[in-house]
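Colleague: I've got a model open and I'd like to learn how to read it. Could you walk me through a few features?

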Amino acid sequence: MSATTLYISGIYNTSTFQGGWACITDDGLAVREFCGGSRKTSANRMSLIAMIHALQSVGHTPVGSHLSIVTDSKLLAEGLGGKVFQWRAKGWRTKTGQWVPHNELWRRVLKLLARFEATVTYTPQPDSESLLARNQFLCKMGQADEHPLRLFVDGSFLPDRRAGGWGVVIDDHGVLSEASGFMPISDNNAIELIAVIRGLEMLEHRKDVIVYTDSQYVCLGAEKIVQRREKNWRHPKGIRVDNYLLWKRLDNLMAKIEVRIEWIKGHSGIEHNETADRLAGKAARFGISDAARQVAAVA
């Protein structure tokens, strides 16, 4: 039986008094993400709350299953590594008779963990492309007083047919919407850019959106969009920027909406990204199939 991995993080900003927690669960079939926040708390408390949410989300897992817990919280790693059992044996009190901090959360963690076999790995500085690094980013989302809407986009390009499809998943605080489309096109980068545009066109009434894409072309181009506009969408030698009409459309949309474009690694198990990829691929294939049948019928 394969292990389920839980990624656990918590943060706290002493300037804003705002805490954030996040957890990602990966059972080998699907990756699920959760985040939230609280005021006047602590990073340790946020990590424990994230742990509780993660354990509750895998409650359907069979008794005796193995959980691999990966965390950047030293307290959580040390507690799960053995200290929590010492605290319980001593009645949840320290040597001076004080209550162990957050003991009520630790009790819940132990109760939820009782049905599993678990190991813990402490990773204070995760690799930038790891799920734990993404978990740290989700903490910042949970920490915000107002959570932005999330838009996952992807494009699929079939070069032999010069056709592409785009897919969009809108996550409006847990309320999901999906959309996709097909168009003849000769550039794989263009269809990735169209996916962003189509998604934002559905959200012109919103003020705060995070766009997730696995296209480096889109991310790097978005960073240069102001510079390119000021140079009339031309390179220093006067040559037009590739797909400049699409970049102009994206620029107009970004003038209406506060947009942050974030790169995520493709095919890494992030649920909504995988869904957007599947929608884009299906749109590309079915668009071509429909066109082929129409041509055959006419012939």
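Modeller: Let's start with the strands: β9 and strand β10 (residues 258-263) pair in the parallel sense over six bridges. Strands here are DSSP E runs of at least two residues, helices are H or I runs of at least four, both numbered from the N terminus, and two strands pair if DSSP finds at least two bridges between them. V209 stands opposite V259 in β10. This is a predicted model, so local features need pLDDT of at least 70 and side-chain atom pairs 80 or more, while totals for chains, interfaces and linings use all residues. Residues are numbered from 1 along each chain as its sequence is written, and side-chain values use heavy atoms, leaving out hydrogens and water.

Colleague: How many bridges join strand β6 to β9?

Modeller: Four, and β6 (residues 149-158) and β9 run parallel. L151 has V211 in β9 as its bridge partner.

Colleague: How do I read a pair of aromatic rings?

Modeller: You describe such a pair by the distance of the centres and the angle of the planes. Phe, Tyr and Trp rings (six-membered ring for Trp) pair with centres within 6.5 Å; planes under 30 degrees apart are stacked, over 60 edge-to-face, the rest tilted. The structure holds four aromatic pairs. Among them, W87 and W106 are edge-to-face, at 5.4 Å centre to centre with 65° between the planes. W87 lies in helix α2 and W106 in helix α3, so the pair ties together parts 19 residues apart in sequence.

Colleague: Are W87 and W106 buried or exposed?

Modeller: Both are buried, meaning under 20% relative accessible area with a 1.4 Å probe, protein chains only (exposed is over 50%, partly exposed in between).
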